[in-house]
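Here is a short briefing on one protein chain. Look over the sequence and the structure, then read the points below.

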Amino acid sequence: PGLDVLGLPACIIDGERRYRYVNPAYCVHGGIGSAAYLGRASEEIFGHVAHDGRRGALNCLVGAALQRD
């Protein structure tokens, strides 16, 4: 609800790295409707694993230590 009025792309991802919520701005930014996100991991949606800094941050959700170079 609060994220709906934010005006910026925002999502909620659970400990299994699955989308639980995407706001309308996130859908516009990604060019994909919310039904395509919900309950799925990003690699299921986009067909590959992102190899940028986001993966390390997401690993913190499951208890991994975040390491920065």
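Two strands pair if DSSP finds at least two bridges between them. Strand S1 (residues 11–13) and strand S2 meet that rule, because three bridges join them. Keep in mind that this is a predicted model.

**Overall layout**
- The protein chain has four helices and two strands.
- Along the sequence, the pattern reads β-β-α-α-α-α.
- The chain holds 69 residues, and 20% of them count as buried.
- The accessible surface of the protein chain comes to about 4700 Å². Carbon and sulfur atoms hold 57% of that surface.

- S1 and S2 run antiparallel.
- Which residue of S2 does Ile12 face? Ile12 stands opposite Tyr21.
- S1 and S2 form a hairpin with five residues between the strands.
- In this hairpin, Arg17 takes a positive phi near 65°.

**The nonpolar core**
- In soluble globular proteins, nonpolar side chains tend to be buried together.
- Which residues make up the largest nonpolar core here? There are six: Tyr19, Val22, Tyr26, Cys27, Tyr37 and Ile45.
- Strand S2 (19–22) supplies at least two residues of this core, and so does helix H1 (24–30).
- Tyr26, one of the core residues, also has contacts beyond its neighbours within four places in sequence. These partners are Pro9, Ala10, Cys11, Tyr19 and Tyr37.

**The aromatic rings**
- How many aromatic pairs does the structure hold? It holds four.
- Tyr37 and Phe46 form an edge-to-face pair. Their ring centres are 6.4 Å apart, and their planes stand at 65°.
- Is Tyr37 buried or exposed? Tyr37 is buried, because its relative accessible area is 1% and buried means under 20%.
- Phe46 has a relative accessible area of 39%, so Phe46 is partly exposed.
- Tyr19, Tyr26, Tyr37 and Phe46 form one aromatic cluster. Tyr19, Tyr26 and Tyr37 also belong to the largest nonpolar core.

Key:
Residues numbered from 1 in each chain as written. Predicted model: local features only at pLDDT ≥ 70, side-chain atom pairs only at ≥ 80, totals over all residues. Heavy atoms only, no water. Core = buried A, V, L, I, M, F, W, Y, C linked by side-chain atoms within 4.5 Å. Buried < 20%, exposed > 50% of the residue type's maximum accessible area, 1.4 Å probe, protein only. Contact = heavy atoms within 4.5 Å. Phe/Tyr/Trp six-rings, centres within 6.5 Å; stacked < 30°, edge-to-face > 60°. Areas by Shrake-Rupley, 256 points an atom, 1.4 Å probe, with all protein chains shown as cover.
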